[in-house]
Amino acid sequence: MKHFIVGALMVGACAPAALAQDSGSSFSFDGYLGVVSDYRDRGLTLSDKDPAVIASLGLYHDNGFYVGASAGSISEGAGGDAKASVFAGYSFDAGDFVYDLSVELDSIQGNDAKYYPEISASVSRDFGLAFIRTGAVYAPDGRWSAPNTDSFYIYTDVEVPVPTMPELTIISRLGYDMRQNRADLWDYAIGLSAFIDVVEFSIMYEDSSLDQAIGGGAILGGIKLYF
């Protein structure tokens, strides 16, 4: 847990600087601190269906480059006491579409830390009636849920504003993980998100095709404070 606490303290220390940054600067900070009823990754629980604390902080430049880190508390059953990631990428517009390329070092922190590099690419567009993002993620060394096996994951996120209620959005995801020498997995989620100023409240149902306790479907709730 000490790794996660350090990360949370860094987020808290950087938040005032982010809020006080010069509006004329080429750099900007974005991040959040939140609590979820069950910390999930691609439909699989990391917190043994218990509440967890999550946080993320990113530094973004006007030219499209960015770096950042995220963390969340997990259960011992997931192999440690915190899931932490550092990432870097480049995002750019081309017409009505936004393209994003990034690399990430995902990790499970505990007595014996484990690291899993990933390469990601996505394309998104706001169509007005719906925001759609689709992408792919390649993990050559596997992931926390299936180490030492290639993983190629494709997904689509869809967000649809609720008519006459602009602060309320229907959120959804469909993903498919192709895993070398293991059964492929589906995951999906659908729910609602509502913003009140800089605070987001969400509730959703998330499930996967993994026929094990960590992959069973559940209704999840969460709250995030963005800065």
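Contact here means heavy atoms within 4.5 Å. With that in hand, Ser75 touches Leu46, Ser47, Asp48 and Gly80, leaving aside residues up to four places away in sequence. This is a predicted model, where local features need pLDDT of at least 70 and side-chain atom pairs count only at pLDDT 80 or more, while totals for chains, interfaces and linings use all residues. Numbering runs from 1 along each chain as its sequence is written, and side-chain values use heavy atoms, with hydrogens and water left out.

**Two loop residues**

- Ser75 sits in the loop between β5 (65–73) and β6 (82–94); strands are DSSP runs of E, at least two residues, numbered from the N terminus.
- Ser75 counts as buried because its relative accessible area is 17%, buried being under 20%, exposed over 50% and partly exposed in between (1.4 Å probe, protein chains only).
- Gly95, in the loop between β6 and β7 (97–109), is exposed, at 73% relative accessibility.
- Gly95 and Arg125 are 30 residues apart in sequence, with 9.6 Å from C-alpha to C-alpha.

**Salt bridges**

- The whole structure has ten salt bridges, each being a side-chain nitrogen of Lys or Arg within 4 Å of a carboxyl oxygen of Asp or Glu.
- Arg40 pairs with Asp38, and their closest N and O atoms are 2.8 Å apart; Arg40 is buried at 10%, and Asp38 is buried at 5%.
- Arg42 bridges to Glu118 at 4.0 Å, N to O. This pair ties the loop between β2 (40–41) and β3 (44–45) to strand β8 (residues 114–126), across 76 residues.
- Arg42 also bridges to Asp177 at 3.6 Å, N to O. Here the link runs from the β2–β3 loop to strand β13, 135 residues apart, and both residues are buried.
- Through shared partners, Asp41, Arg42, Lys83, Asp106, Glu118, Arg143 and Asp177 form one salt-bridge network.

**Cavities**

- There are two cavities of 30 Å³ or more; a cavity is a set of points, on a 1 Å grid over the protein atoms alone, where a 1.4 Å probe fits but cannot get out, and lining residues have an atom within 4 Å of a point.
- The largest cavity holds about 80 Å³, and its lining includes Arg42, Arg143 and Asp177.
- Strand β14 (residues 185–196) gives the most to that lining, with three residues.
- The second largest cavity holds about 40 Å³, and Arg143, Asp177 and Arg179 are among its lining residues.
- β10 (142–143) and β13 (165–179) each supply at least two residues of the lining of the second largest cavity.

Key. Helix = DSSP H or I, 4+ residues; strand = E, 2+ residues; numbered from the N terminus. 1 Å grid on protein atoms, 1.4 Å probe; cavity = no way out; pocket = protein on both sides within 12 Å on 5 of 7 lines; lining within 4 Å. Points joined across faces, edges and corners; volume = space filled by probe spheres on them.
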